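Good morning, everyone, and thank you for making the time.

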Amino acid sequence: MSVAIPPFQVFLQEHRDHVYRFLVASVGPQEAEDCFQETLISALRAYPRLRANSNLRGWVLTIAQRKAIDAGRSNSRRPTPLADPPERGVEANDAELDAELWTAVRELPPKQRAAVALRFINDLEHQEIGKVIGCSEQAARRNVHEGLETLREVWKQ
Amino acid sequence: MNDVERALKRAGSRTNGVPERATRRLVDSAADHGLLDVAYTSLDTPVGEVMVASTQRGLVRISFGASLYRDHFVEDLSWRVSPRILEAPSYFDCVRRELDEYFEGKRTEFELPLDWSLTGGFGRRVLKRTARIPYGETSTYREMATAAGNVRAVRAAGNALGANPLPLVVPCHRVLRTGGALGGYGGGPEVKEFLLKLEGAL
């Protein structure tokens, strides 16, 4: 018997947190949930046609990356939503710092933004990053590097 | 690794995974889009935890021994019905209610729509005939084989009943050996005996 793709429930359990964290970094916590739904519905639609030996993580992150770009486009036509109220207590500082960082990440050009998120949030190697965002390994490395340069400038301030 | 990289890693690790409500919303959304081919959950019953699965047509699979066979149950349905399978406990209120009523002795017939797609040919004929054996009565493998059109296929009828994808609801526990011995049962002979006593057939 040939190897089958895993049941969607198993696929979901394995990759949902990866997808969600990538989206929080790419589009922010407010948009992440809608993007998550759209990503997984698209994945579910295409799922039975997948080949059994597909790289499922790369595949679903590719979908998520496209949804993030779409969300970014439609968002730029809307007024910026208000940020979440800061959380209480000791965590507030961390949460605020993270929020600032995500904001800086989201202001990067789409490919750099995705490359940085995939590298540091999802722990992907440059080769796989290239596959997800549709470029060579070298270009992926360059996107990560340039994204970090910009973030470093912002971070210093 | 510099400050920004460390900050990114830290922020990533502090980001929570997907909230539970998002997973529930996904199941509803999948159903609304017609993409939830198989829903499943586990249910507690007096004969132990059972796994149940439904398609858009109806109940497609019931299986005893949930804790032991959960993964196998899901993989089998993914392979034989569709890989678009999700855990969806809230979609089984009717099944839960009818099974509860049955085990309380208040229900003698199930009204749940059934999906017969895991059966075929002679086996399906045997099982459809079995579905008509009334509550509290019993039949034999030989009678089922005869009713399904082949008097000599007693062993094949036994195999079909042994492979019943919908035990309890398609009451294969009401089929006994000629001569009255209980015969085998997927959930174990003690479950077969329990069900027949519940129905007053023993």
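This is a predicted model: local features need pLDDT of at least 70, side-chain atom pairs count only at pLDDT 80 or more; totals for chains, interfaces and linings use all residues.

**Two chains and their contact**

Let me begin with chain B, where 35% of the 202 residues count as buried, a residue being called buried if 20 or more other C-beta atoms lie within 10 Å of its own, exposed if 12 or fewer, and partly exposed in between, with C-beta atoms placed from the backbone. Residues are numbered from 1 along each chain as its sequence is written, and chains are lettered from A and ligands numbered from 1 in the order in which they are written.

Staying with chain B, we find eight helices and six strands, where helices (H or I, at least four residues) and strands (E, at least two) are DSSP runs numbered from the N terminus. Along the sequence they follow the pattern α-α-β-β-β-α-β-α-α-β-α-α-β-α. The C-alpha trace of chain B spans about 80 × 35 × 30 Å along its principal axes, and its radius of gyration is 21 Å, whereas a compact globule of 202 residues would have one near 17 Å; that radius is taken over C-alpha atoms, and the globule rule is 2.2 Å times the number of residues to the power 0.38.

Now to the place where the chains meet, to which chain A gives 31 residues and chain B gives 30 residues, two residues being in contact if their C-beta atoms, placed from the backbone, lie within 7 Å. On the side of chain A that touches chain B, the elements giving two or more residues are α1 (8-27), α2 (29-46), α4 (91-106), α5 (110-120) and α7 of chain A, and the largest share, eight residues, comes from α1(A). By class, that side of chain A has 21 nonpolar, two polar and eight charged residues, with Ala, Val, Leu, Ile, Met, Phe, Trp, Tyr, Cys and Pro counted as nonpolar, Asp, Glu, Lys and Arg as charged, and the others, Gly among them, as polar.

One residue to look at is B:Ile85, which lies in strand β4 (residues 85-87) of chain B. Is B:Ile85 buried or exposed? B:Ile85 is buried, because 28 other C-beta atoms lie within 10 Å. Leaving aside neighbours within four places in sequence, its contacts include A:Pro7, A:Phe8 and A:Gln9 from chain A, and B:Tyr40 and B:Val74 from chain B. By contrast, B:Ser90, in the loop between β4 and α4 (93-103) of chain B, counts as exposed, because it has 10 C-beta neighbours inside 10 Å.

Finally, the largest nonpolar core has 86 residues, and those with the most contacts inside it are A:Phe22, A:Leu23, A:Val105, A:Val116, A:Ala117, A:Leu118 and B:Tyr40; such a core is a set of buried Ala, Val, Leu, Ile, Met, Phe, Trp, Tyr and Cys residues joined through C-beta atoms within 7 Å. The largest share of this core, 10 residues, comes from α1(A). Not counting residues up to four places away in sequence, A:Ala117 touches A:Phe22, A:Ala25, A:Ser26, A:Val105 and A:Asn122.
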